[in-house]
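Thanks for coming. I have one structure to show today, and I will go through it piece by piece.

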Amino acid sequence: MKRTLGVCYYPEHWPEDQWAEDAAGMVAAGLSWVRIGEFAWARMEAVPGTLTWDWLDRAIDVLGNAGLKIILGTPTATPPRWMLDKYPDMLAADAQGNPRKFGSRRHYDFSHMGYRDECRRIARLMGERYGKNPHIAAWQIDNEYDCHDTTISYSDVARRGFQDWLAQTYQSTDALNRAWGNVFWSMDYDTFDQIDLPNLTVTEPNHPHQLAFRRFSSDQVVAFNKVQADELRQHTDAPLIHNYMGRITSFDHWKVGADLDIASWDSYPIGFLSDRLEGTAEEKQKFLRQGHPDMQAFHHDLYRAVGKGRLWVMEQQPGPVNWAPYNPAPLPGMARLWAWEAFAHGAETVCYFRWRQAPFAQEQMHAGLLRPDRAPAPALAEARQVADEFAQLPDVGTAQAQAALIFDYESAWAWDVQPQGADFEMFRLAFAAYRALRRCGLNVDILPPDTADLSAYKLVLAPGIMTLSDPLRAALAAFKGTALIGPRTDTKTQELEIPVPLGPQLPEVDISVALTESLPPSEQITLQGSGQFVHWFEHLEGNAKVRLATQSGHPAIMGGDHLRYLAGWPDEATFDRIIRDLCAAQGIVTHYLPEGLRIRDTDTHRFVFNYAPEPQDWQGTTIPAAGVHWAVLT
Amino acid sequence: MKRTLGVCYYPEHWPEDQWAEDAAGMVAAGLSWVRIGEFAWARMEAVPGTLTWDWLDRAIDVLGNAGLKIILGTPTATPPRWMLDKYPDMLAADAQGNPRKFGSRRHYDFSHMGYRDECRRIARLMGERYGKNPHIAAWQIDNEYDCHDTTISYSDVARRGFQDWLAQTYQSTDALNRAWGNVFWSMDYDTFDQIDLPNLTVTEPNHPHQLAFRRFSSDQVVAFNKVQADELRQHTDAPLIHNYMGRITSFDHWKVGADLDIASWDSYPIGFLSDRLEGTAEEKQKFLRQGHPDMQAFHHDLYRAVGKGRLWVMEQQPGPVNWAPYNPAPLPGMARLWAWEAFAHGAETVCYFRWRQAPFAQEQMHAGLLRPDRAPAPALAEARQVADEFAQLPDVGTAQAQAALIFDYESAWAWDVQPQGADFEMFRLAFAAYRALRRCGLNVDILPPDTADLSAYKLVLAPGIMTLSDPLRAALAAFKGTALIGPRTDTKTQELEIPVPLGPQLPEVDISVALTESLPPSEQITLQGSGQFVHWFEHLEGNAKVRLATQSGHPAIMGGDHLRYLAGWPDEATFDRIIRDLCAAQGIVTHYLPEGLRIRDTDTHRFVFNYAPEPQDWQGTTIPAAGVHWAVLT
Amino acid sequence: MKRTLGVCYYPEHWPEDQWAEDAAGMVAAGLSWVRIGEFAWARMEAVPGTLTWDWLDRAIDVLGNAGLKIILGTPTATPPRWMLDKYPDMLAADAQGNPRKFGSRRHYDFSHMGYRDECRRIARLMGERYGKNPHIAAWQIDNEYDCHDTTISYSDVARRGFQDWLAQTYQSTDALNRAWGNVFWSMDYDTFDQIDLPNLTVTEPNHPHQLAFRRFSSDQVVAFNKVQADELRQHTDAPLIHNYMGRITSFDHWKVGADLDIASWDSYPIGFLSDRLEGTAEEKQKFLRQGHPDMQAFHHDLYRAVGKGRLWVMEQQPGPVNWAPYNPAPLPGMARLWAWEAFAHGAETVCYFRWRQAPFAQEQMHAGLLRPDRAPAPALAEARQVADEFAQLPDVGTAQAQAALIFDYESAWAWDVQPQGADFEMFRLAFAAYRALRRCGLNVDILPPDTADLSAYKLVLAPGIMTLSDPLRAALAAFKGTALIGPRTDTKTQELEIPVPLGPQLPEVDISVALTESLPPSEQITLQGSGQFVHWFEHLEGNAKVRLATQSGHPAIMGGDHLRYLAGWPDEATFDRIIRDLCAAQGIVTHYLPEGLRIRDTDTHRFVFNYAPEPQDWQGTTIPAAGVHWAVLT
Ligand SMILES: [Zn+2]
Ligand SMILES: [Zn+2]
Ligand SMILES: [Zn+2]
C-alpha cells in the first residue's frame, strides 16, 4: 500500500463557488484524501425528516472529480437542536447531575436508545445515498469518542441503562451483593432498581460498583459505534474508521476497534504536551514547540494494534491550536516530522486538520494549512514536502518489533477507581515503560490483554494489568523470551478484589504481593547498586529467585528466566537500566540516544527523528532540530 | 471647586441618641460629606407598602444641621426579605444554575422586571420625600454593581430576557445563525426560545453566543441603573453617582456613567493588592501595607473619564478590612497618601469607609475612622491632617495629559470568552501599559473606545481593542502624535470573528496578523538589542516599516510615524524602553522613578507619592515611606 | 485498672467456620477485647422488622467463649438500603444542596427525626437482647461521627430543624434580628420560616447566622448520640463509648462525651500526617512512616478529658491504609510505639483496626493484623510484644500535669466563620501551643472551656477562646500560677460580635485589643530580642504591664503575674522560648528534646518515644528509631 496525505474540509463552512479552487489546491499540495461531513447534520437535515443532500452531492462531485478520495463522516457528534425537542432526556449529565447542555458538540448520552436509533437512521440514509459512490473511499463514524469527557454520564437514562446492564450481568442482587462484597458496610441491594449511579455518595462508593459503571459506560460506546458500523456495512464496502484521541482510557478501544477496519487518531503533539502529560513547566519547556518525543509514537503503536494493523492519522496538528492552556506555534519542520513519524510507525495516511482555518466559531484560532484569508499557512509547504518525499519512500510498512507492551483499558478503570496512591494511573505507568523501551531505541508493539501468542517477541512488559487473562497467562507460560510484569499485575480479581491466595498467580513462578505501599514524591525506595523506585512499592514473597533487591533487602525483581515480576515503579534511569539488562540477556541491540532523538524501523528503513530544539548527532550524521533522517536497513 | 472629605455612616446601626455626637465628630474631623441610607431598605419599609421615614428624616436633620452635606443612597442592593415572597424568581443564579440565596446582599437578578419596578418605586418615594431637601447634596444609586460577581446570572429570568434581547438584536434566527457561524458544529437555532444561556455546555459554547450574553448582561446593569436615574431626575437637581469597584470589567462603565453625573469608586488598596492583582506573594510583600502603586491611579484616571471629568472616591480604606485573604494594617500615613493621590488625579471628594467600625455582622472586622468603642482609629488623625492641608491646596484640578490609553469593556468580554492563552486578560494587558506610562512619570488620560478626537495627546496606547470603532479609526487617521496599538487590536469583528482580509485595518498602514501564539510563563520571544515579549506574540505581515524586530527577524513593532502596531506583550523593562523611545521622539519628558515613587501633576502642582516602605529620593528631597510631597508647577 | 489490647472484627465478613480460629488467634496474640457489629445492620435486619440475631448470637458465643471481652457497636452509621424507601428525605445534603447518596456509609442526616427513631429502635432491640450478655463488656454507639464531613447537612430536613431550633433559642425574630445585627444589610426576618440555611448566599452570610447553624448542627450530633445512650442505659450496665476521629471540630465533643462513659478515638498517625496536618511535603517527609510526633498525644490528652479520665484507642493503624493521598508502611516498631504512647497518656485499651485485612470493598487496601490470606502482617508481632510487656507495666495511670491547655469547639466554629486571615484556624492554633508545651517535655492536660478550677496547674494556656465562660473567668481570677491567654481570646461575644468595651475583659488586668491584623506567610512581626509572630497580630492597649514587646514597640505580651495576654501567634522557636520563660518563673522543669523525641510521665514511670527515623540520645541512653524507653519515676 502507498503512503498518502489528506486533509479535513468543511464544504458547508464556505461558499460553494470556493469549493473547486479548494479542491484544486489540495491536489496541488500533494494531498490524496479529504474528510468531510462529520459535523454537518444540521445542513443534511435542518428539519426533522427532510433530508437535503444536494449540496453534499455537489461537494462530493467537486472534490472527487478533482481527484481526491473522500472520507465521509457520520455527523452523530453534532445532532441538530431539534433532536432535543424529540428527546429532551438525551443530554448526558455531569457528576453533579446537571445536564450537559446544547451549544457546542457531543451533547448526547451514549446510552440513550432513542438517539441511538436516530444515529442508525442517519447512517442508513447516508449509506443508501453514498455507500456505492466511487468517490467515497472510507467512512468515519462519529468523531472523537470521549472528547470533552463524554463517555461517562450521570443521567437518568444512564441510571436505568446501568440497572438493566447489572441485571443482565449478575442475574440476581444476591449474586451482585456477593460479587461486590456489599456486606462490608451494609450496602446490600434487594432489587436492581435500588442501585444508583456511583456519584455523590458520602465517601467513595464500593470499588466493584464503580468498576461496573465504568464497564457499562465503555460498553455503551462500543454499542453506539456498532449500531452505525452494522448499518453502514449493509451499504458500503469502503473501510470504516473512527478517529480516537490521545490519552483516552475511558472506553475499551480494543472492543470498538474490533468492529471497524482501520484505527485512526487525532494527533495534536503540542496541545497534548501542554494539557495531558505529567511534567513541570520547566520539564516541558524543551519540547514546547515539538511535543513529547514519545507521545505520538505510543499512540501510533497502540492504534496500529487497535486497527488490527491498519493505522491512519485523521487529524494532524498543523500549527497553533485554540484549546490548550497556551498555544505556541510548532518549530518549523514539525508538521513534516510528525507525518513521517506516523508513516514510520505504519500509518497509511496522514490527514492534516484542517484545510483552511475557519474565521468563526469555537475553533477560529486553530490553524489550518491555509489561513482564513486563503493565504498558505506554514504547514502547507511542509505537507507538500512530505508528498514529494513519497517518491523516495512510497510504501507503507513496519518492522516486526522484538519488544511488546501489554495495554489494558479495564485496568485503567480499576486504578482510576482504586489508585491507592495519588500518582498511580494506568496510562502513566504504561507510558513510563514504553518510554524506557523507546529510549533504548527499540521498536515496540502494543498488544491487547487477551493476547494469546507472544512467540514473535523476545521482551514483553505487562505493567499494571489487574488480572491476567487466561490466554495471556498461557502465552506467558509458553514464552521463550523474558516477560517482565508488574507492578500491580494480576493482583486483583475481575471484581477488583484481592485474590486469596494472593496474586500474582504465575506459571511455575512462586511470587506473591504481601504488602503494598504508595509513596509521595518526596520518598523513594533505593535499589542495590543504584536506581530507585518511585510512587509505588510492593513487598514480594515466594520461592522465586530474587533478581534485583532494594537497599534494605526486599526483592525488587523476582522470577525465572522467562517470567519476572517488577515490585515497584522505576524512575527513568532505573527503568532504562532494567530494560538494557534484559535486552542484553536476550541479545537485543539497544542504543544510547541523545535527548529528543528517537529511532523507528520499518521493514525497509531506519528512521531517525529529532524532537530536540537543537541539532543532534546520530552515528556521525547531524540531524537538525525537527529533522527527519532515514537510511535503508541493511 | 474645593477639595472635600467625607465619610460613610449608618444611622440605622446606632442608637439615635448617638447621632448628634457622631455628626459633631465628623465636623471636628474636617469632613464635609456623609453618605447614608444605601443598605437601609428594611428600616424604610419593614412591611411592604408601609414607609417609615421619620427616623431618616431625623437622621438627615441631625447630620445636616451639624453642617454636613448628605449623599443619600437608594437601598436597592439590599431588598428586604419580604421582596422574595413577592418575587420568588428574583434571585440570580450561579453558573451551576443554583439560586444565589438571601442572607447577605446583592441577591437580585438585574434582568428581573418586577424587581426593577420595585427599585423605581423606592427611588420615586425617596425622590419625592428628599429630592428637594437642602441637606441632600448628592445621590448614590444602588451600591457597587457587580460586587460578588453579580452582573452575570444564569437564572430562568435571565434566560428569557436574553432570548428577547437576541430577538430584538438579530430579528431572525437565520441572521443570528449566520452572525454566529452556527454552521460550525450544527449549532443552528430555529426559534429564539431554543437558545439557552451559555453555561453547562459540553465544551465551550460558541464565542459570539458567549459575547452576546455578556453584552446582554451588561445592558441589564445599564438599564437597571437608568430606571433609578430617570426617576430621581424627576425629583432632584443634585448630582447622581454610583460607586464602582476595582478591576470590574463585567459591565460597561462608560454606558452606566453616561446616565450619571459623577463617577465614584471604592478604593481598598491593600485588599485589592491581595485579592485581585497578579503577582507572587514575594512580589506583593513590598507593598503589603500600601497597595500597588499604580492600582489606585489607574482607577482614578479611568473613572474620572467615566464621570466625564467628575471623580469621587466614595469609600476609602482606612485600616484593615475583613474580606481579603490576609488583612494587615496600612503603613502609617497611607490613609493620607491615598486621599491626596485621589485629589491629585482630580477627585473632588474622598469619603472614608466608615465612620465607626460596626461591632456586628459581616464587616465587623472592617476598620473605620473610629473603633467600635468610639475611640479614634489611626486613620482619623490622617483624615484630619488632609483636611488641614486643604488650606494649602484647596482647589480641584488636573493637568491635561500628554499620554492616553484606550480602555474598552467589550474587549474585556471578548478576551474572557476567547483568551487563547491562559494569561491573556484585558485589564491585565491595559494595566501593564498603564504602569509603563506611570513608571515613566507621565500623567495619563484613559479614554473610551469611541473616542473621536485625539488631538490633545502626543502618545496614545490602544492595546487589545478587539475592533476599532469608526470614530477611533478616524481619530487615529488624523492623529499627529504617535499611537501604538496592539497586540490583538482590531483583529476581530464585532461578532468575535477573524476579519477577512485579516486585521488590523489601519489607515495608510499595511499590517496584518498572520499567526498568533500564546506563550507559557517559561517561554519568551527575545527582541533585537534587548527585551522580550511574554504571554503573547503575533506574526505580522505587510508593507509597513519594521520599527523593532525579534531576534529571529519577525516584526515586533511595525508602522508609520503616527500609527504603529505592537506585536506582543512586552515585559516591564521592555515596555518602559518602548515608551521612553516613543516619548523621546515626541518630545515628552520622562522620568526614572525610584521603586514605589510615583508623580502626578494637577494644573498647578506636581505631587510625588512614595508607596515604598522606605524613604526615597526625589530630585534632592527625601520622601518618607507613605510620604506625600508637592511643589508648584513652574 | 490493667492495660489491655484489642482488635476490630467483622464476623459477617467471613465464613462462620473461620470464627473460632480467628478468636483463638486473637487470644494467642495477647488481645483481650474484640469490637464487632457496628456496620452489620443489613445482616441484623435485612428485611424491615425482621430481626436476625442468630448469627450474632453465635459470633458472640464463639468470641466470648474464647476468652475475649466484646465491644458491641450499634450499626447506625450504615442503615440498610430499605431505610431510604421508608425515609427518602433522610439523606444529608452537600453545600450545593445535592443529596449525599447511598452506596458507602454515614448517609444520614443527624436531624432526621424518623431516622433517629429507627436508631433508638435498633439500640433498644440490641440492648434487650445483649444488654445483660456477660460477654458484652462495652458498647460503641455509631461510628466516627463527622467522618466524611457528615456533621453539617444542607437538606430540607436540616432547614426545618434549624428553624425550630432558632425559634426555641431566640423566641422571636425581633430578638434574633437584634442578636444577629441583621439591620446591617437589611437582613431582618419577619418569621422563622424565612430563615434559610447559610449556604449559597451571594457573599458570606451573617456570622451569627452561620454560628447558629454550627451550634444547631453540633446539637444534632449530641442529641442523636443521646437517644441511643439513653436507650442502652435501660438495658445494660456496660460502659458506653464512641470512637472519635482526629482533628474533627465540627461538633462539641465535650457535650457528646458528657453522655458517655469512656472516650475512644481512631488513631491513624500516618494517614493523618498526610491528609490533615499543615506542612510542606518536605517538612512531612521526616515523619512519613511514623506520623507527627505530637498529633497522637494531643488527641490522647484531649479525649482523656472528654472521657472524664477514661480513654481508649478504638482503632489503631497497623500498617498502610487506603484513604490517604499516599499510603506508605509504618516504620517497624511504630505499631508498638503508638500503643505504648497511648498507654502512657492514660489509655486503658488499644484496639488495632482490624483483625484481618478484607480482600473486598472500599477498605481492601487497609492493612490488618493479618493479611487477607490469614498470614500474619508485620503489626501482629508488635501487638504481641506489647502484650508481653504488660507484665512489666500492667497498670493504667497518668501523672497530674503541671500545664493545661483550654480547648473549645465553639471557638473553632467562630473562627471557621470569621477567620479574618486565611491561616487562622482553631485546631492549628491550639496545636501550635500544645506542641510548644510538648517540645519542652511537659505533660499536658486539655481542659474544657467551662473549667472552674485551675488550682492543680502552674501554667495554663488559653489561645483563641472566643468568649471566656463565667467559670473560667473566675478560675483565672483565682489562679495562682501563670495563665497565658490569647491571641483572640475573649475578643467576641457569644453572638460573635465585638464586645464594647473591647475585649478581653480580664480580672484585674487592663488590656484590650484595639486593632487586629492577619498576616500572609511572607510577613512577620519581629519581637524585641528575638523571635516573631506569624499569621496574626493584635494591637493591645491598657495599663497592664508590657512583658514582651515587638521591635516597633507594640506590646507582644501584657499582663500581671498570674494572667497575661499574648498578642500574636508565635512561630515555633518563639513559642518555645515563651513557654520556657514562663516555666522557669513557675519552677517547672523543662527539657531540650532531640527532634522527634517526646516524653510523657505516668504516675509511676517516665516514657520516652522516638518518632525520628534515626536513633536519638536521651540522657545517655540511645533510643532507636521507633523506640520506646521507660524508667521508674523517682
Ligand atoms: Zn478534533
Ligand atoms: Zn463596600
Ligand atoms: Zn475507621
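I will take the symmetry, then the chain interfaces, the metal sites, and the packing inside.

Before anything else, this is a predicted model. Every value I quote is computed from its atoms.

Symmetry, then. Chain A goes onto chain C by a rotation of 120°, with 0.0 Å of shift along the axis and an RMSD of 0.0 Å. The two copies are therefore related as by a three-fold rotation axis. If you want a landmark for that axis, take A:Q96: within chain A, this residue comes closest, with its C-alpha at 5.3 Å.

Next, the interfaces, seen from chain A. Towards chain C, 47 residues of chain A are in contact with 53 of chain C. The buried area there is about 4,400 Å², and carbon and sulfur atoms give 55% of that. Which residues of chain A lose the most area to chain C? They are A:F184, A:W185 and A:V202, which together make up 19% of what that side buries. The rule finds five salt bridges across this interface. A:D196 forms a salt bridge with C:K101, with 3.0 Å between the closest N and O atoms.

Towards chain B, 53 residues of chain A are in contact with 47 of chain B. The area buried between these chains is about 4,400 Å², with 55% from carbon and sulfur atoms. On the chain A side, A:K101, A:Y326 and A:Q362 lose the most area to chain B, together 18% of what that side buries. Five salt bridges are found across this interface by the rule. A:R289 and B:E517 meet in a salt bridge, 2.5 Å from N to O.

Now the metal sites. B:E144 sits in the loop between β4 and α6 of chain B, while B:E315 is in strand β7, 171 residues apart. Are these two glutamates buried or exposed? B:E144 has a relative accessibility of 5%, so it counts as buried. B:E315, at 3%, counts as buried as well.

Ligand 3, also a zinc ion, is coordinated by C:E144 and C:E315 through OE atoms at 2.4 to 2.5 Å. C:E144 is in the loop between β4 and α6 of chain C and C:E315 in strand β7, so the pair ties together parts 171 residues apart in sequence. C:E144 is buried, with a relative accessible area of 4%, and C:E315 is buried, with 4%.

Last, the packing. The largest nonpolar core has 206 residues, and those with the most contacts inside it are B:W340, B:W355, B:L459, B:I579 and C:L166. Helix α16 of chain B, residues 426-439, gives the largest share of this core, 10 residues. Apart from that core lies another, of 205 residues, including A:M90 and A:C440.

What does B:W340 touch beyond its neighbours within four places in sequence? Its contacts include B:R3, B:V386, B:F390, B:F607 and B:W630.

In chain A, helix α13, residues 334-344, is mostly covered, with 11 of its 11 residues buried. Among the buried residues are A:R336, A:W340 and A:E341. Just after this helix, A:G346 takes a positive phi of about 105°.

That is what I have; I will take questions now.

Methods. Residues are numbered from 1 along each chain as its sequence is written. Chains are lettered from A and ligands numbered from 1 in the order in which they are written. This is a predicted model: local features need pLDDT of at least 70, side-chain atom pairs count only at pLDDT 80 or more; totals for chains, interfaces and linings use all residues. Side-chain values use heavy atoms; hydrogens and water are left out. Copies are superposed by least squares on the C-alpha atoms of residues with pLDDT of at least 70 in both. Helices (H or I, at least four residues) and strands (E, at least two) are DSSP runs, numbered from the N terminus. Buried means under 20% relative accessible area, exposed over 50%, partly exposed in between (1.4 Å probe, protein chains only). Donors are N, O and S atoms within 2.8 Å of the metal (3.2 Å for Na, K and Ca); water is not among the atoms, so sites may look incomplete. A nonpolar core is a set of buried Ala, Val, Leu, Ile, Met, Phe, Trp, Tyr and Cys residues joined through side-chain atoms within 4.5 Å. Contact means heavy atoms within 4.5 Å. Buried area is the accessible area (1.4 Å probe) that two parts lose on being put together, summed over both. A salt bridge is a side-chain nitrogen of Lys or Arg within 4 Å of a carboxyl oxygen of Asp or Glu.
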